[in-house]
Amino acid sequence: MELSTQLAARFEKLQTAYPFKRSALIPMLMYAQDEYGSVSDEMIAEIARRLDLNNVQVEETLAYYSMLHRKPMGKFHVQVCTNVACMLRGGNDILERAKKRLEIGHKEVTEDGVFSLEEVECIGACTGAPAMQVNYDFYENLTALKFDRIIKELDGGRVPPPEPVTAGALHAREPGETPLISRRWGIKDSRKIDVYLEHDGYKALEKALKEMTPESIIDEVKKSSLRGRGGAGFPTGMKWSFVPKDSPKPKYLICNADESEPGTCKDRPLMEMDPHQLIEGMIIAGRSFGAHRGFIYVRGEYRYVLDIVEAAVVEAYAHGYLGKDILGSGFDFDILTHTGAGAYECGEESALMESLEGKRGYPRIKPPFPAVVGLYGCPTIINNVETLSSVPAIILEGGENYAKRGTPKNGGTRLLCVAGHIAKPGIYEIPLGMNMKKFIYEMAGGIPGGKKLKAVIPGGSSCPILSAEEIDIAMDYDSVAKAGSMLGSGGMVVMDETTCMVDMARRIMHFYAHESCGWCIPCREGTSWLKKMLDRFHAGYGRNEDIDIVGELAKNMLGRTFCPLGDAAALPTISIVQKWRNEFEDHLNGKCAYKSAEALVGSR
Amino acid sequence: MADTKLVTLKINDRDVQVPPGTLVIEATRRIGTEVPSFCYYPGLSLQAACRMCLVEVEKMPKLQTACTLVATEGMVVRTNTDQVRGARKAMLEFLLTNHPLDCPVCDKGGECELQDMVFRYGADTSRFVEEKIHRPEEKWSELVYYDAPRCILCFRCVRVCDEGMDVKALGVGMRGANSIIIPNREDHLECEECGMCIDICPVGALTSGTYRYKTRPWEMTYVSTVCTHCSNGCKTTLSVRNHEIMRANNRDLSGINEDFLCIKGRFGFDFTKHPDRIRQPMVRKGDKLYPVSWEEAAQTAATRLKQVYDAGGKDSIGFIGSNRTSNEEDYLFQRLARATFGTNNIDHHRTADYTGLVTALGDNAVDSLLTMKQLAEAKAVLLVGNDPTEQNPLAAWQIRKGIRHIGAKLFILNARDIKLKRKATQFVKLVTGQEPAAIRFMAHEEGQLPSNLVEQLVQVKAALDAEPEVAIVFGAEVAGAAIAQLVAFGSKLHGKVRYMALGDYANSRGAADMGLLPDRLPGYAHIDDSAAREGFERLWGGVLPSKAGMTAPAMVDAAQNGKLKALYVMGANPLSHFGTLGFGRGKLDLLIVHEMFLTDTAKIADIVFPAASAYEKEGSVTNTSGEIQLLHKAAEVMGPRTDFDLLRILSHQLERLGLGKAFHYKTPAAVFEEIRKAVPGYDVQAAGLLTGGAESTQVHVAKNGHAPYDVPVGLIRSAQDTLFTSGTLGRFCTMMESLPEAEAKP
C-alpha cells in the first residue's frame, strides 16, 4: 500500500534498527495507527510483507495490545482512568461526565468521528488523579468543569496544553526527603544534556569507564545493596553477576519503562525530567556485564516521555556518550528506544522480551532466566527505570555511602508515589526504611477532611492491602514483607474510612482480568470469574457463600499461575476478604453505607 | 545410550530411572502414573499453560509443572497429594467456567480429554453462577470449524500448525478470558487443510466439516489401516458406523506417522461412497457396456482370454497392474501373467525407480534403505527433486521433525522453489532436468555445469561429508544411471548414508517389489536368473518365461499398432496417459479392467469388474521406504469385490479352460505367507505387523550382471499429485475437490 513519506521513512528505519526485524512490529503498528487512526487489513499485509511475517502473526500480535485498534477511534481519543488511585478521587464521576458530555459509551465514537471514549486502566498519573489522556496528552487533577473545558477546546479544534510534568512530582521538598535521583527535578530544562552536565552529568560514566573495571562496577552496586525498584526487589548487583561471562552471544540490557502497576507513576517523571541519568546508568550497567546494546521499553501510553528520552539519546550520541569508543575507553554502547502498545503483562520481564521481539506479551518459562537466555535467546539484564537511574549516584558516591542512606540490605533512597485519600499526593524521594505511618501523616499530610485512615496499598495494587493498624512499620523490602505485604513498585494508595472495600476488590479484579494475558488457565479464568462475581456482589446480588468463594478462588490462583500476575490478582483480594469481611457482610444485608456503593445497592 | 548415566528420582515413593534431560511428566508416564495435561504434547514446544500437571516436589515451596521440570538426581516428586489433587480440581473448575458444557451434542463427547479429566479429577458440583462468555461458531473452511467457547486455549493447534506443519495458519486473538484462536485469512483458513488442528484439539473446539454432528464416538468401530493415497504409508484409523467410514484419524499415535496425517489421509475417504462407484460387472455388447452377472463376466473374461491366447500366443497379452492394490493382489497378478499365460508383459505406472535403487545398492541395500523413522533421525538430509510437502507429506513432516528436534540440516537440489526451501540449510536451484547432471558432478566432478552451480554443489558436498549420518531422498527426477551415480556419491561420504526413493502411490513400492515389472521377478531377481525362476516355478507350476517383456508404455504402443491383442488392466488407467503412439484401445481385441470408477480406460473396456478399494479389503502394502503394513477392511460397499477375489475367480475359470493352475489361497493372509517365504526381503516378523506396526522389508539383489541398470527416458514418471489430488481416486474425493485451495493448485 501507499504510505506517506514520513511513515515510509519511519518504517525503513524501524525495519533495520533491531537485531531481528520482527522487533519492529509493535512500533510499526503504533506509528501506522497514529497516522491512520487504526490498523487496516492493507496495513497488516504491508507490515507483514516488510517484516517477512504471515498476516496472522501480525494480527495476533496486534490483537493482544489494548492500544491498537482495528476500527478507527475518534480524532480525539479520550481515555479516562478509573483505576484505584483515580477511582478514589472521582475517576468514575469523570467517566460519567464524559459519557454525558460526549453522548457515547466505552469504546464508542461520536457520530462526527471527532471523539471516542475509553475507560482505561492505570495510565501512570496517580498523583494527579483523576486523570485522563486525550490521544497521548495527559490531563490531570480533573474536575467536571476542567473536563468540560478541555472537551470544549478540542471541539473547537484547539488542543489545550497537556500537563507539562507529572502532577505531584514537583513540590516543595519535605524535610524528611533525601533527593538523590530526583535532585535535578525542577531545574529548568533538566532534561537537556547541557543542564545535566552542569549538575554532575556523565561524571559517573567517566569514573566507571576510566577508573573502574566491569567487576568493580558490579562490586560497587553489590555494596550499595540496591534492590530492583520495579517491584520484586531483587539485588541488582547480584542480577548483573548472573550474566555468563564466557557466552559468545551478544548481551543485552533492557530498561523496563513499562510502568503500569496501578498506583505507580515514578518512572514517568524520572524519564521526563532526567532522561540522561537513566542513559548514564544504562551505559554503566552495560559496561559491567559486557552489553553493547540497550533497549528502553517505554509503555505505549507514555509517548511524550518516549519522545523526550529519544531526544536525549540523540543528544548523548552527539556528545559521544553513546556509540563507539565512548570517552576513548574503547567501550561501545548503543541505545534504542521502543514503544509498547498497552499491556500491563509486558512489565513482567520475560513477557517484555517477547513483546520486544514483536510478539504477544506472553511470559516465558523460567528457568532459563533472562540473564542466561533472554532477548533473542541471548543473555539479557532487565532493570527498572529507577534502578538504572540510581546507578550513576552509586558510582559517584560509592556503594557504601549509598547503602547507608537506607537500612541494611535495603540500600539507598527510593521514590514513593502516594495517591488516593491523602492530603499531599505526590512523588517523594525518601530513604528506605522510613516509617510508613510517619510518612503518611507527616510527610504526605495525612488524610484530608479529618477522615480516618482505613487501608493502604503499600506498593502498587498487586500487594496485599494493609489496614490502618498495620502501618506502623519501616518501609523497606524486608519489613513490609514481615508485615504480610510488599514494598512493591512504590505506588502507595491511601484509602480513608469512606472507601468501600468490596468496590476496591471489584476494581482491582477488573484490572487484572483486563490485563491477564490469557496464557494460563487459573489466571485467565480466575480473574474473569472473580471479576464477574465481585461485580454481582457489589451490585447487591451477592450470596452468603460468595464471600468464601471469592477467597477460595483467589487462593486457587495463588502460586499456581504461570507468572506473578495471578498472585498479583489473588493477594489483594485475599487480604480484603480476610480483613474487611464485615464489609462483604454489610453488603449482603444492604447496609453498605459507603458512598461508592450507594447507587448500586439502591438500584436493587 | 549405554554410556549415558541414568538419573534416579523418586515418584510417589518409587525409584524411577530416566535418561538425563527427561521431563518429570514423561518420567511419571514411564511408570504408568498419570499426570494430566492439556497443553503438554510430546514433540511440540513446552507451554506450562494449562497448569494441570502441577506436582509437589520436595524442597520446592510452590507446586511445579511436571511438563517443564527436568528430572534431576534425587528429586522427590509426589503426584497424588491433597495439594496436588486440590490444584487439579481448581484448574478444572476454572476451565469449566466458560466452557459451554454442551457435551450431549458436542462431537467430542465421549472422547473428550476435558470430559475425561473432569470425570477423574474434577469437582462434583459447579460453583460458577455468572454468565459465560459466548461467541458464535465460525466456519473456517469446508473442513475446519471453530467453536470458541469450547476452546480451552491449550494452543496445541497453533503449535502443530506452526511447528509441525510449518504452515502458521493459526494464531491467538484478543487476550485474557477473551482469547480465541484466529485463522490466517480474516474469517477463514487458507492452508494445507491437513486437519491436524482438529485431531490435536483435546476438546470439541475444532471440528471436522466431514464428521461434525454425524455420529457419536461410541457408535462406531475403529479399524486401523493404511492410507490409500500417497506412497508414505501413514497409518490411518477409520471410524466406521454401519459399514460406512465416518472419519479418519490416528489418535493412538501408532504407526510410522504417529499422529500425522495430511488432508488425504484424514479426509480423502469419501470416494468409497461416491455415487459413481461401479457396483456390477459389465460386459461390452456393441458400443455399450451392460451390467451382467458375476458368472457371465468371469466366464466371458476367461473364454476370451483363452481365445486370444490360442490365436496370438503368450506374448499377445499384456498386463498392467496398479499402484494401489495390495502386495498379495500384485503378487497374484504377476503370477497370472507369468505362470498362467507365460508372458513377462507385465508392468505398472512406475513413479519412482525402486529397481534402480535396489540394483545400485546391490547387497548393501539391506542396510542402506532409509525408513521413515530414520528420516527424522538423520543429522543431514539431501533432497533431490520431488516436492515432499505436496507429494510425500509424511516424508516432509519427518524432515521438519528432524530439523526441529535434532537440528538436522536439509540440503535441497530442485528445479522448483518447493516449500521445504524455507527450512533448508542450503537450497540449490537447478533447471528442469538438470538433476542427473548435478548428481554426476557430485559423484565424479564431471560434466559441464555453470560455475555458480558448481560452487554450490561443492559446498553441499563438503557439508554432507562432515555429517555422521546422511539421508538421501530423491524423486522421479532421479532414475536409472543417475541413481547409480547418486549411490556412488553417497559411498564417498564419511558418514552412514541411507536412501529413499519417493514414489507416488500407496503401493507403488509394493508393485515393484512384487514384480509388476517386465524384467524382474518378485524381489527384483532378474527374469533371466534361472535359479530365481525355478523357485517360483516350483510354487506355481509351469515354466516361467525368461525373456523380458514389454513395459507399460510399450504395451500401450503395441496396442495401438496391433502387436498386442489383449490387455488386462488391474486398477490403472494406462490408455489415457501412457504410450507415445496415441491413446485409446487401438487395435486391441480384448480389454479387461478391474476398477472402482469408469476411468477412460474402463469406459472403453470389453469387460469391467467392480473393484474394492484398499479401505474395503485385507492385505498388505509396502510404502516408499520399504515398510510393510497390513490393510484392514473397514467399509463394506455393495457390489465390488477385491482384486484378490477377482483374480482368484478368474484363475479357476482359466484352469477349467486348461490355462494354468487355479489359485488356492483362501485369504490374502495365505498369499502373504507365500510372499514371506518366496520373496527375498519379505520374510518380515509377523508379530510387528499383527500388532499394527510396520516392518521393514530387506530387499536386495546380488550384483548379477545387470548393474549398472538404466531405464528409458520417461519410464519413471511422477504424476505430480498435490495435497489436493490423488490420481484417479482424487477425482472422486468430493470434499477435497471442493476446496478453494485445490482449485488454486495447477
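Tutor: Asn544(A), Glu545(A) and Asp548(A) are exposed on one side of α22(A). Exposed means 12 or fewer other C-beta atoms, placed from the backbone, within 10 Å; buried means 20 or more; partly exposed lies in between. Helices (H or I, at least four residues) and strands (E, at least two) are DSSP runs, numbered from the N terminus. This is a predicted model: local features need pLDDT of at least 70, side-chain atom pairs count only at pLDDT 80 or more, and totals for chains, interfaces and linings use all residues. Residues are numbered from 1 along each chain as its sequence is written, and chains are lettered from A and ligands numbered from 1 in the order in which they are written.

Now turn to the other side. The buried residues of α22(A) are Val550(A), Leu553(A), Ala554(A), Asn556(A) and Met557(A). Look down the axis: these buried residues fall within an arc of 155° (taken from the directions from the axis to the C-beta atoms). They therefore line one face of the helix.

What lies over that face? The cover includes α21 and α23 (565–579) of chain A. Just after the helix, Gly559(A) takes a positive phi of about 75°.

Chain B brings us to the interface. Contact means C-beta atoms, placed from the backbone, within 7 Å. The contact between the chains takes 32 residues from chain A and 34 residues from chain B. On the chain A side, four helices each supply at least two residues: α4 (55–64), α20 (501–515), α21 (521–541) and α22 (544–557). α21(A) gives the most, with 10 residues. By class, this side of chain A has 14 nonpolar, 10 polar and 8 charged residues. Asp, Glu, Lys and Arg count as charged; Ala, Val, Leu, Ile, Met, Phe, Trp, Tyr, Cys and Pro as nonpolar; the others, Gly among them, as polar.

Follow Val381(B) for a moment. Skip its neighbours within four places in sequence. Val381(B) is then in contact with Ile399(B), Gly402(B), Ala408(B), Leu410(B), Phe411(B), Ala471(B) and Val473(B). Ala424(B) also touches Leu410(B) and Phe411(B), along with Ile412(B), not counting residues up to four places away in sequence. Ala424(B) sits in the loop between β19 (409–414) and β20 (426–429) of chain B. Why is Ala424(B) called partly exposed? Because 18 other C-beta atoms lie within 10 Å. Phe578(B) is 154 residues from Ala424(B) along the chain, and their C-alpha atoms are separated by 35 Å.

Step back to the domains of chain B. Their bounds come from an automatic or database assignment. Domain 1 covers 7–80 and domain 2 covers 98–273. Domain 3 is built from 282–351 + 508–714 + 727–731, and domain 4 is 354–502. The C-alpha centres of domain 3 of chain B and domain 4 of chain B are separated by 32 Å. Their contact takes 23 residues from domain 3 of chain B and 23 residues from domain 4 of chain B. The domain 3 side has 10 nonpolar, 8 polar and 5 charged residues.

Last, the scores: the model has ipTM 0.94 and pTM 0.94.

Conventions
Contact = placed C-beta atoms within 7 Å.
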